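Trainee: I would like to learn how to read a protein model, feature by feature. Where do we begin?

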Amino acid sequence: MRIQKKIYVLVFIALLSLVLAACASEPDSNTNESDSNDSAGGTKGGDLTITTPSDAVSLDPAASNDTPSSDVQRNIFETLVTQDENMEVQPLLAEEWEQIDDTTWEFKLRQDVKFHDGSDFNADVVKANIDRTLDPDVGSPRAIMYNMISEVEVVDDYTVHFKTEYPFAALPAHLAHPGGVMISKDQIEEDYAAMEDGEDAGNVISANPQGTGPFKYDEWQPGQYVRLVNNEDYWGEPALLDSVTFKVVTEDLTRIAELQTGDSQVANALSPSDVAQIEGSDHLSVQAQDSLALSYLGFNMEKEPFDDVRVRQAIAKAIDKEEILSGIYDNVGIPAHTPIASSVFGYSDDVKDHEYNVEEAKELLAEAGLENGFSTTIWTNDDRQRIDTATNIQAQLKEIGINAEVRTVEWGSMLEQTANGEHDMFVFGWTTVTGDADNGLYPLFHSDNLGESGNRTFTVDPELDDLLDRARQEGDPDERLELYRQTQELLAEITPMVYIHHQQYLLGVDDSVKGLTQSPTQLLNLKEVSIEQ
């Protein structure tokens with residue numbers, strides 16, 4: 001029997017849907033998909049400008065693993081399957097799929113789909129894309145999403161078999177991840193040819209990306225903007241907008257000013273402290289979306305004194321999360337006690353985190369021989385909330401004798417330097433894009449993923465590795481839940497990071513924009529957007 005749902009996700013979706021129904025923000029009536037066309041007052045056409053604090057790192061999906069890059073890429077490229085607002089897997093470039101044995105998934109592909117360069121989408125393309133992502137010479141940070149795949153077999157022009165090394169029920173959700181997008185096979189071959197001539201992997205693709213999506217690449221001025229234009233030859237219902245420009249505006253107050261003057265129509269993201277200013281404007285509104293994201297303070301466990309668990313636990317006990325949440329985020333979001341949000345499959349409410357206790361923090365430092373404290377640094381990227389969080393933590397740590405200097409690092413440099421382990425502590429974030437704990441825990445904490453792949457705390461623990469390996473290979477949903485509960489308990493002991501909060505995404509939006517929604521993974525849904533003229 002052909003299915004369009006995962007095997008274990010029959011259980012997972014039931015859990016996830018109930019939780020999301022209880023806690024997810026419902027979009028306003030003018031943002032439902034049914035209201036996103038002309039009947040909602042919007043008209044086809046128009047140029048949408050979105051201000052964003054950080055530029056894309058690369059337009060090659062295999063060369064990046066960050067939200068600013070993914071927000072652009074997902075409009076150029078498409079995945080075999082996608083996820084709706086409830087994180088349920090839905091068809092996209094694949095029309096149907098089924099698990100035909102424990103380690104084999106069959107996908108039937110959509111026919112008559114063309115890439116922007118005119119080449120055909122087919123099974124050979126799927127194989128070329130997955131093989132490239134897993135190619136060590138390409139060195140994709142997203143290879144961890146697909147390293148359970150041992151082979152992509154082309155059955156016929158529009159049928160592929162994914163063979164996995166072990167049963168992996170979350171494969172469809174992983175294929176919905178931004179790392180699973182399909183790039184033109186002709187361009188992949190051109191990129192490999194350039195690599196043979198000495199160029200870096202992805203240079204050809206990033207310079208002129210060719211996908212099947214509703215928008216086509218037009219121009220990228222690094223540090224300034226990326227512009228996409230309507231793909232009039234799109235295989236499905238075309239997008240309504242003529243163009244979308246992702247404009248880099250690092251200062252959030254400047255983003256608000258541009259929104260107020262009409263220089264942009266969307267400010268992404270919005271600080272909670274600026275909500276009142278937006279709501280006080282007669283032509284602007286705030287859109288909110290509950291997320292699958294975590295904000296955290298991470299330790300570089302390869303460096304002294306953070307290689308001592310007592311130091312890490314002392315810092316965890318010295319930080320008042322409620323103070324950060326109320327003082328910086330205006331209570332938008334919830335305090336985190338595990339790395340994964342309650343709406344992620346694998347979350348456990350039984351796990352206890354370190355409680356705020358300054359005296360116990362001082363005692364732990366003394367046990368570690370640091371009763372007089374020490375000096376260190378807290379890194380973060382150029383985001384106001386993260387800078388404010390780092391500054392707040394700086395003040396709180398001073399109470400236990402730790403003198404921490406806050407260093408603000410440009411986004412691309414932050415990614416590169418923390419991947420290289422140059423930092424001490426860092427304020428950062430992670431989104432569990434698939435809605436499954438494997439994506440929220442395996443990249444961040446497994447020793448196979450040190451550095452660029454996600455493990456920027458440089459956590460190395462054999463027991464933790466074993467739990468993560470067993471959980472991703474287990475087919476029984478209840479057994480997986482128990483393994484992830486044990487994983488989260490062990491992480492509370494190891495303390496590679498201090499979980500700060502699970503945030504709520506906020507957008508400032510001009511009232512002329514219709515049909516805009518944001519997924520629980522933070523990515524914007526732009527295909528149904530129109531502008532009221």
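**Reading the model**

Mentor: Begin with helix H14: its buried residues pack against helix H4 (171–175), strand S13 (293–299), strand S17 (425–431), helix H15 (462–473), helix H16 (477–494) and strand S18 (497–502). Helices (H or I, at least four residues) and strands (E, at least two) are DSSP runs, numbered from the N terminus. Contact means heavy atoms within 4.5 Å. This is a predicted model, in which local features need pLDDT of at least 70 and side-chain atom pairs count only at pLDDT 80 or more, while totals for chains, interfaces and linings use all residues. Residues are numbered from 1 along each chain as its sequence is written, and side-chain values use heavy atoms, with hydrogens and water left out.

Trainee: How many residues of H14 are buried?

Mentor: Buried means under 20% relative accessible area, exposed over 50%, and partly exposed in between (1.4 Å probe, protein chains only). Helix H14 (residues 437–445) is mostly covered, with 9 of its 9 residues buried. Among them are Leu441, Tyr442, Leu444 and Phe445, along with Asp438 and Asn439.

Trainee: What does the chain look like as a whole?

Mentor: The chain has 16 helices and 23 strands. Its radius of gyration is 23 Å, close to the 24 Å that the globule rule gives for 533 residues, so the chain is as compact as a globular protein of that length. That radius is taken over C-alpha atoms, and the rule is 2.2 Å times the number of residues to the power 0.38. Along the principal axes, the C-alpha atoms fill a box of roughly 70 × 55 × 50 Å. Of the 533 residues, 59% count as buried. Among contacts with a separation of 6 or more, 70% are between residues 24 or more positions apart.

Trainee: How should I read a sheet?

Mentor: Strands of a sheet pair through backbone hydrogen bonds, either parallel or antiparallel. Here, two strands pair if DSSP finds at least two bridges between them. An open sheet of 7 strands has the order S8-S9-S10-S1-S11-S19-S12, with mixed pairing. Strand S8 (215–221) and strand S12 (284–290) stand at the edges with a single partner strand each, so one side of each has no neighbour in the sheet.

Trainee: Which strand pairs with S8, and in what sense?

Mentor: S8 pairs with strand S9 (residues 225–230) in the antiparallel sense over 6 bridges. Phe215 has Asn230 in S9 as its bridge partner. The two strands form a hairpin with 3 residues between them, and Gly223 in the turn has a positive phi of about 85°. Elsewhere in the sheet, 2 bridges join strand S11 (residues 266–267) to strand S19 (residues 504–510), and these run antiparallel. There, Ala267 is bridged to Gly508.

Trainee: Which residues other than glycine have a positive phi?

Mentor: One of them is Asp112, with phi near 65°. Asp112 lies in the loop between strand S5 (104–109) and helix H3 (123–134) and is exposed, at 70% relative accessibility. Another is Asp330, with phi near 50°. Asp330 counts as partly exposed, at 39% relative accessibility.

Trainee: Where are there cis peptide bonds?

Mentor: One joins Asn268 and Ala269, with omega about 10°. Ala269 is in the loop between S11 and helix H8 (275–279). Another joins Glu304 and Pro305, with omega about 0°. Pro305 lies in the loop between S13 and helix H9 (309–318).

Trainee: Is Glu258 buried or exposed?

Mentor: Glu258, in helix H7 (residues 252–261), counts as buried at 13% relative accessibility. Leaving out residues up to four places away in sequence, Glu258 touches Thr51, Lys247, Val249, Asp263 and Ser264. Glu371, by contrast, is exposed, with a relative accessible area of 53%. With the same exclusion, Glu371 touches Leu365 and Ala366.
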